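Subject: Handover of a structure and its findings

Dear colleague,

Please find below the structure that I am handing over to you.

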Amino acid sequence: MSFTGKNFPNITVDAIDYLGDNFTVNVFEKAQQENKKIVLFWYPKDFTFVCPTELHAFQEAVAEFEKRNTIVIGASCDSAEVHFAWLNTAKDNGGIEGVEYPLIADTNRNLSSVLGILEMKEVEHPEYGTLVEGSAVSYRATYLIDETGKVFHESVNDMPLGRNVKEYIRLIDAYTHVQKHGEVCPANWEEGKEAMNATRDGVASYLSNN
């Protein structure tokens, strides 16, 4: 199920920060209450391979997201305790020491199940009924959520494919431009480039200039 153009699920989940403090977070409500955009990215597992490269890449870009009134939140189905152990593992040992944004611990898989991003399927066993086939961990799903709690971008990568964090910054810039100016952003638009009016004359003018 796609959530683009719809409200992010109004579900409260467990989370932990780099100090080891456990708390709960509702992403939908957080966006509204703090009047901020949120980039929520899911990854398959702690202590794996592509995952730490992504978490460090998002940490390196935190200041750029903050400039854009945007909060970064990571998420997986690992427990808060496992998150904290990984947060205390050195980078040169495959860890994410230095990552400071919160990590969701969706151990009951309530949120990831609603989002439909788990690598699993139900199969019928002749003796035991419905069983799960697959790893039951999340794909590399990313959600960009606006200040009202609405999803304005979502994407899902398969397990081996790491993300380009700069693209999410570009998308936030584009959406913010739409919010401020009412114009639409054409292909390959970046901050400072020409946008266009969503009319026949608007696209004709843009294409004639580009």
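The model is predicted: local features need pLDDT of at least 70 and side-chain atom pairs count only at pLDDT 80 or more, while totals for chains, interfaces and linings use all residues. Residues are numbered from 1 along each chain as its sequence is written, and side-chain values use heavy atoms, with hydrogens and water left out.

Helix 1

Helices (H or I, at least four residues) and strands (E, at least two) are DSSP runs, numbered from the N terminus. Helix 1 covers residues 27–34, and its buried residues are Val27, Phe28 and Ala31; buried means under 20% relative accessible area, exposed over 50%, and partly exposed in between (1.4 Å probe, protein chains only). Because these residues cover an arc of only 115° around the axis, they sit on the same side of helix 1; the arc is that of the directions from the helix axis to the C-beta atoms. They pack against strand 2 (22–26), strand 3 (37–42), strand 4 (70–76), strand 5 (103–105) and strand 8 (140–145). At the N-terminal end, asparagine 26 caps helix 1, with a side-chain oxygen 3.2 Å from the backbone nitrogen of phenylalanine 28. After helix 1 comes asparagine 35, whose phi is positive, near 55°.

Cysteine 51

The UniProt record, an unreviewed entry, places the feature "active site" at Cys51; such positions are given in the numbering used here, feature names are shortened, and annotations may be inferred rather than shown by experiment. Cysteine 51 lies in helix 2 (residues 50–60) and is buried, with a relative accessible area of 1%. Leaving aside neighbours within four places in sequence, cysteine 51 is in contact (heavy atoms within 4.5 Å) with Tyr43, Pro44, Lys45, Trp86 and Arg140. The structure holds 0 disulfides, a disulfide being a pair of cysteine sulfur atoms within 2.5 Å. For cysteine 51, the closest cysteine sulfur is that of cysteine 77, at 11 Å, which is too far for a bond.

Serine 138

Serine 138 lies in strand 7 (residues 129–138) and is buried, at 0% relative accessible area. A polar atom of the serine 138 side chain lies 3.0 Å from the backbone oxygen of tyrosine 43. Beyond neighbours within four places in sequence, the residues in contact with serine 138 include Trp42, Pro44 and Met159.

Salt bridges

The structure holds 9 salt bridges, each a side-chain nitrogen of Lys or Arg within 4 Å of a carboxyl oxygen of Asp or Glu. In one of them, arginine 140 pairs with glutamate 54, the closest N and O atoms being 2.8 Å apart. Arginine 140 lies in strand 8 and glutamate 54 in helix 2, so this pair ties together parts that are 86 residues apart in sequence. Glutamate 54 also forms a salt bridge with arginine 163 (2.8 Å, N to O). Arginine 163 lies in the loop between strand 9 (151–157) and helix 6, so the pair joins parts 109 residues apart in sequence. Both glutamate 54 and arginine 163 are buried.

Aspartate 173 forms a salt bridge with arginine 68, with the closest N and O atoms 2.6 Å apart. Aspartate 173 counts as buried at 12% relative accessibility, whereas arginine 68 counts as partly exposed at 21%. These two residues belong to a network of salt bridges that links Glu64, Lys67, Arg68 and Asp173.

Yours sincerely

Notes
A polar contact is a pair of N or O atoms within 3.5 Å; within protein, one must be able to donate a hydrogen and the other to accept it, and residues adjacent in sequence count only if both atoms are side-chain atoms.
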